[in-house]
Amino acid sequence: MKFFVDTADVDAIRELHALGMVDGVTTNPSLIMKSGRDILEVTREICDLVEGPVSAEVVATEAEAMIAEGRKLAAIADNIAVKVPLTWDGLKACKALTDEGKMVNVTLCFSANQALLAAKAGATFISPFIGRLDDLNLDGLDLIEDIRTIYDTYGFDTQILAASIRSANHMSDCAKLGADVATAPPAVIHKMAEHVLTDKGLAAFLEDAAKAGIKIV
Ligand code: G3P
C-alpha cells in the first residue's frame, strides 16, 4: 500500500519524506487554509520535494471552470493530480482532464455507486472518506471493501485512495482490505510506530544495559 501524506505542511512532508514514508501528498482547501500559504506557491514547493502524485483541489463547481482550474494546477508540475469533487460536474471534469493525460483524484466519495461512476469517468484515484462515514455511525471500511470488490471484478484500474483517515488502525485495516493508497495526516503516520509493549520492553532493556555497564560507542 502506498502512503500519501494528507497535509500542506511542507516541514512535516520533508521529515516523513526523508524516511521514505511519502509516496505522494494530498491537499484540499481546508489544509491549504491551515497552512496559511498561497495554493500555487505551496503546491509548487511540495511538488519540488516529492516525486509521487501531489493532489491539488479545484474550487469551482461547474465543469468548464473546474477544467480551467485543473489545467492551471496541472501546469505547476508533472506530478500534479487534479482533485475534483464527486459531483456530476466533477465527473465531467474528470473525464475531460484524464482524456488530456492528466492525473485526476475524485474526492468526497461516500458510496460504491459514486466510486463506480468515477472509474467509468477514467479517474486515476478515487478517495473514499472513511472517518466521515464512521462519524455517522456507518462503517467507512465497508466502503473500501465494496469498492475493492467492484474494481477487481471488472478490472478497473482506478486506484483506491483511502482518505479521511483518523487512526493508526485505519491504516492497517486499509492495507488488509487492499486499498492501493492511504492518505493520512502526519500525526497518524507517527502513531503507527507506537506500541505500549515496545516502550515497556525498551525500558527493561535499557535498565539491564545500565546494570551491565554496556557501552557500544
Ligand atoms: O483526505 C481527506 C481528509 O483531509 C479529510 O479528513 O479528517 O477532515 O475527514 P477529515
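F3 stands opposite A182 in β8, where strands are DSSP runs of E with at least two residues, numbered from the N terminus, and helices are runs of H or I with at least four. The model is a predicted one, in which local features need pLDDT of at least 70, side-chain atom pairs count only at pLDDT 80 or more, and totals for chains, interfaces and linings use all residues. Residues are numbered from 1 along each chain as its sequence is written, and side-chain values use heavy atoms, with hydrogens and water left out.

**Barrel and strand β1**

- Eight strands, in the order β1-β2-β3-β4-β5-β6-β7-β8, close into a barrel with parallel pairing, and the twist from one strand to the next averages 30°; two strands count as paired if DSSP finds at least two bridges between them.
- Strand β1 (residues 2-6) pairs in the parallel sense with strand β8 (residues 181-184) over four bridges, and with strand β2 (residues 24-26), also in the parallel sense, over three bridges.
- F4 has T183 as its bridge partner in β8, while in β2 F4 stands opposite G24.
- Four of the five residues of β1 are buried, so that the strand is mostly covered; buried means under 20% relative accessible area, exposed over 50%, and partly exposed in between (1.4 Å probe, protein chains only).

**Ligand surroundings**

- The residues around the ligand are D6, N28, F129, R132, A163, S164, R166 and T183, a residue being near a molecule or strand if one of its heavy atoms lies within 4 Å of it.
- Oxygen atoms of the ligand lie 2.6 Å from an N or O atom in the side chain of D6, 2.7 Å from one in the side chain of S164 and 2.8 Å from one in the side chain of R166.
- Taken alone, the ligand exposes 310 Å², of which the protein buries 80%, with accessible areas from the Shrake-Rupley method and a 1.4 Å probe; for residues, only the protein chains shown count as cover.

**Helix α6 and T124**

- Helix α6 (residues 112-120) lies across β5 (103-109) and β6 (125-128), and runs at about 165° to β5; axes are lines fitted to C-alpha atoms, for helices over the stretch in contact, and angles run from 0 to 180 degrees between N-to-C directions.
- T124 is placed in the loop between α6 and β6, and a polar atom of the T124 side chain lies 2.9 Å from the backbone nitrogen of V104.
- Not counting residues up to four places away in sequence, T124 touches T98, K102, M103, V104, D157, T158 and Q159, contact meaning heavy atoms within 4.5 Å.

Technical notes. Polar contact = N/O pair within 3.5 Å; in protein donor to acceptor, adjacent residues only side chain to side chain.
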